[in-house]
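Dear colleague,

I am passing on the structure below, together with notes on what a look through it turned up. Please read the notes with the coordinates open beside them.

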Amino acid sequence: MRYDDTVATARRGHDHAPAVAVRCFGTFEVRLAGEPVVCWHAGKARNLFQYLLLNRGRIIRREKLFETLWPGGVWSPSTSSLKVAVHAVRRTLDQAAGGRPGHPPVEIVCRAHGYQLNATELWLDVDEFDRAMREAHTAESRGARAEAVACYRRAAQLYDGDFLAGETGDWVEQQREYYRTRVLYALTCLRADALRRGDHTEAVDLCRRILDVDPYHEETYQTLMVLHARRGELGQVRNWHRMCVRRLRHDLDVPPTETTRRIFARAVRGELRAPAPSAGRTDGARGRTAPRPRRRPGTRPDSWTARPRR
């Protein structure tokens, strides 16, 4: 989702953009009053801001921050690394704010045993994603399918890539896997809705998005093979099957399931191809489709051909 789109979403009826807008999905991006923050100085400044932002409003003890940002390091009150990082974040935010007077929209406050990040008028894509997923689950529990689908669609649009793509750290990896799981659920629900409506083009697009998040999602390869087989696109069936087998065997050292093997076998035999729509004779006088003539029981239609036994 582009920043312009996030601002439009964030306004929600207000006449101004949010004071602070942050993207954590995909490329990390911070904007203050619409202006991007581009310089984070050296060291752990950006990682410190990211962690405090996700835990904003809470006092995070110094020991916890040091352990998170410098795993394996030895903490002591005299350690200056954390102080240097906090100073760098404050400097970055001050420069981005341009020295404008008034209460800053985002700041790091020093407390007795740690630090606390406070932000006003904050738009955060992660928060919007979580809200959309909660609303989708609530709608599902009420049986409001269309509303749930709309919420899942909004969540999928917000997910513009892995959480803090390119960043490292145990806490980042944990959050990244959590959001991968959640967006996979949303995409799977959207795919089921597309299949229910018979929109195979959208279903294929959603399958590809699922594989972008989880390239080992075997059920998605099965769905793709069935969809292409129904349209007689055996080349695509073979391609997706080949990719599935290669990824599972080479990367995970596991064979595809019996279900995958069976779907592929039926697809290449043409058993999954959708039947061609039957066309009756047109009644020229009235422009209607005339019914087919009845045939006597026990007789074969003219177009009948015997099939070889398997």
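W40 is buried in this predicted model, and F49 is buried as well, where buried stands for under 20% relative accessible area, exposed for over 50% and partly exposed for what lies in between, computed with a 1.4 Å probe on protein chains only. The rings of W40 and F49 form a tilted aromatic pair, with 5.1 Å from centre to centre and 40° between the planes. Rings of Phe, Tyr and Trp (its six-membered ring) are taken as a pair if their centres lie within 6.5 Å, and the planes count as stacked under 30 degrees, as edge-to-face over 60 and as tilted for the rest.

As to the source, this is a predicted model in which local features need pLDDT of at least 70 and side-chain atom pairs count only at pLDDT 80 or more, while totals for chains, interfaces and linings use all residues. Residues are numbered from 1 along each chain as its sequence is written, and side-chain values use heavy atoms, with hydrogens and water left out.

Searching the whole structure gives 14 aromatic pairs. One of them is edge-to-face, because the ring centres of F25 and Y179 are 5.3 Å apart and their planes stand at 85°. This pair joins distant parts of the chain, 154 residues apart, with F25 in the loop between β1 (20-23) and β2, and Y179 in helix α7 (residues 170-197). Helices (H or I, at least four residues) and strands (E, at least two) are DSSP runs, numbered from the N terminus. Both F25 and Y179 are buried, and they belong to one aromatic cluster that also holds Y51, F129, Y159, F163, W171 and Y178.

Between β2 (residues 29-32) and β3 the pairing is antiparallel, over two bridges, and R31 stands opposite P36 in β3.

Helix α9 (residues 218-230) is mostly covered, with ten of its 13 residues buried, among them Y221, L224 and H228. The cover over these buried residues includes α7, α8 (200-213), α10 (234-252) and α11 (258-268), contact being heavy atoms within 4.5 Å. Just after α9, G232 takes a positive phi of about 75°.

With best regards

Conventions: Two strands pair if DSSP finds at least two bridges between them.
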